[in-house]
Structure formats: structure tokens, C-alpha cells
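The sequence and structure are shown first.

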Amino acid sequence: MSSNPATPALPELPVLQADCSNCFALCCVALPFAKSNDFAVNKAAGTPCKNLRQDFRCGIHTRLRDKGFQGCTVFDCFGAGQQVSQVTFGGRDWRTHPGTARAMYEVFPVLRQLHELLFYVTEALTLPAAAPLHADLRDAQTETARWTAADADALAALDVDALRRRVNTLLLHASELARAKAPARKKNHRGADLMGARLAGADLRGANLRGAYLIAANLKGADLRLADLIGADFRDADLRGADLRDALFLTQPQLAAARGDAATKIPSTLVRPAHWSA
């Protein structure tokens, strides 16, 4: 990922937080969902949700959990929705310009992956211990940011999996450097099935929990500082009183999927979910 002096200047980094006011409700249309604990009904990809209004707003936004749409409150596009709507398609919505719909729905998941990668790379660049990798991380940030500004045809043809693999190699190395001196750094639970695990009060500082299934796990009072949490599934996990300050690569959707309280310590860059207990 070495830089090339002949390449164009780095485009401005896109906003990595959802701005629904500038999006054409792409997550409510482009993506499918199945009737489950997360969704009250089935919906096919490319079909507008029955709760979507003509102004691209959700008709039950303040009652999503009560109406059985908990999955909607957990999903986050990392800002890909407004990027597709306002940049890739220049403000042309799929209702007024139905000819854009298919391509718009196709590139939305691609942009979401790119924005998620940018979120992780940007965080890795804040890690002092990862300083030896900062040049390569900046190159990865540059390459990924350029793709977010590409047109729909280029995005549809992008091998996003190959890009993710290259960037993930850097993120893994950054994680190893950041966790090198943490007490639980040798605890490797990458991809582990920890559903319902009893981990209350556990010292998981610096543990590798990448992709771990922590569904309904009891992590009450656990210390997760410097734990690598990329892709960890926290659905219904009990994080009450847990310490997630300085946890690596923790996202807002992961917090939203879990149960926490006022005693749960979270990074200053994230927001305490409204549904957590007081």
C-alpha cells in the first residue's frame, strides 16, 4: 500500500456516522430482513419497508423496539447511506429517478463496507503503540477513501473482499501492538462460541475477541479495556458495569445490540444507547 506521488490528492474523508436526513432510506429499502426477534416481518431486498413514509422517514422511528423492529435500532451504515444518496448519485432519489434504484441498492452494501473499513483504520491511526504502522495505515485510508468517491460502475466492480483482506492485515498488526502489554493479551477467543458464557467480572484486558459470539453472554463488571472487539457479536450481552474504555474497534451498533447501564464505561467517541437501564 505504498503511496504513489502521481496519484490524485486524497479526497476529503466521508462522514462515518449516519445522517438519515440526507439519505434516501437505503437501509429501509435495499436490504432484506427475515421475521425474527429482530424484525417483526419478512422483507425482500429492494422492497421498501411497510413503515417507510413518502419523505424517506420511518413512520415508527420512536417505537421501533416496541413494534418488534429491534434490528433497525442496531443497524448503522457508518455514513454510507448519505454518501450513496448525495455523492454517488448526486441527490437523485430512487422514487423520482427509478432508473437509479437497482444500481443504488447494489452499491450501498459496498459503500457500507468501505466506510466501516475507514472507521477501523481511522481508529488504528489514533493508537500510539501502532505508530510503526501509521504510514501504511494512512496509505490504506487514502486508498479506501478514494473508493468511496468512485462512481457507481466502479463501485459495483470493486473486489471489496480483497481490499478488506489487505486492510485487515494492518488492523491485526495494529491490534497486536496495542495489546502487547495488556494482562490478558494471550487470551485468544477469536471467532469463539461464547454464547451465554459466564464472564462476569472477567479480566479481559487485551484479549482477542475478534468475531467472537458473545450473544447473551454475562459480561457484567468485566474489564474489556484494550480488548480487540472487531466483529464481536454482543446481541443481548450483559455489559452492565463493564469497562469498555479504550476497547479496540468497538462500534456503536455493538453497544446498541447489548444491554448496559449507567455504570457501563464506554469510549468517549461513542454514545450510550437510549434503551440501556439507568
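## Basis of the description

A residue is termed buried under 20% relative accessible area, exposed over 50%, and partly exposed in between, with a 1.4 Å probe and protein chains only. The model is predicted, so local features need pLDDT of at least 70 and side-chain atom pairs count only at pLDDT 80 or more, while totals for chains, interfaces and linings use all residues. Residues are numbered from 1 along each chain as its sequence is written, and side-chain values use heavy atoms, without hydrogens and water.

## Nonpolar core

A nonpolar core is a set of buried Ala, Val, Leu, Ile, Met, Phe, Trp, Tyr and Cys residues joined through side-chain atoms within 4.5 Å. The largest such core comprises 50 residues, and Leu 26, Val 84, Trp 94, Met 104, Tyr 105 and Leu 171 have the most contacts inside it. Two or more residues are given by each of helices H2 (80–88), H3 (101–124), H4 (134–148), H5 (152–157) and H6 (160–179). H3 supplies the largest share, 14 residues. Helices here are DSSP runs (H or I, at least four residues), numbered from the N terminus.

## Salt bridges

The structure contains 13 salt bridges, each defined by a side-chain nitrogen of Lys or Arg within 4 Å of a carboxyl oxygen of Asp or Glu. Within helix H3, Arg 112 and Glu 116 lie 4 residues apart, about one turn of the helix; their side chains form a salt bridge at 3.6 Å, N to O. Glu 116 counts as buried, at 14% relative accessibility.

Asp 236 and Arg 259 are paired at 3.1 Å, N to O. Asp 236 belongs to the loop between H6 and H7 and Arg 259 to the segment after H7, so this pair ties together parts that are 23 residues apart in sequence. Asp 236 is partly exposed at 40% relative accessibility, and Arg 259 is partly exposed at 36%. Elsewhere, salt bridges with shared partners join Asp 203, Arg 205, Asp 223, Arg 225, Asp 243 and Arg 245 into one network.

Phe 78 lies in the loop between H1 and H2 and is buried, at 4% relative accessibility.
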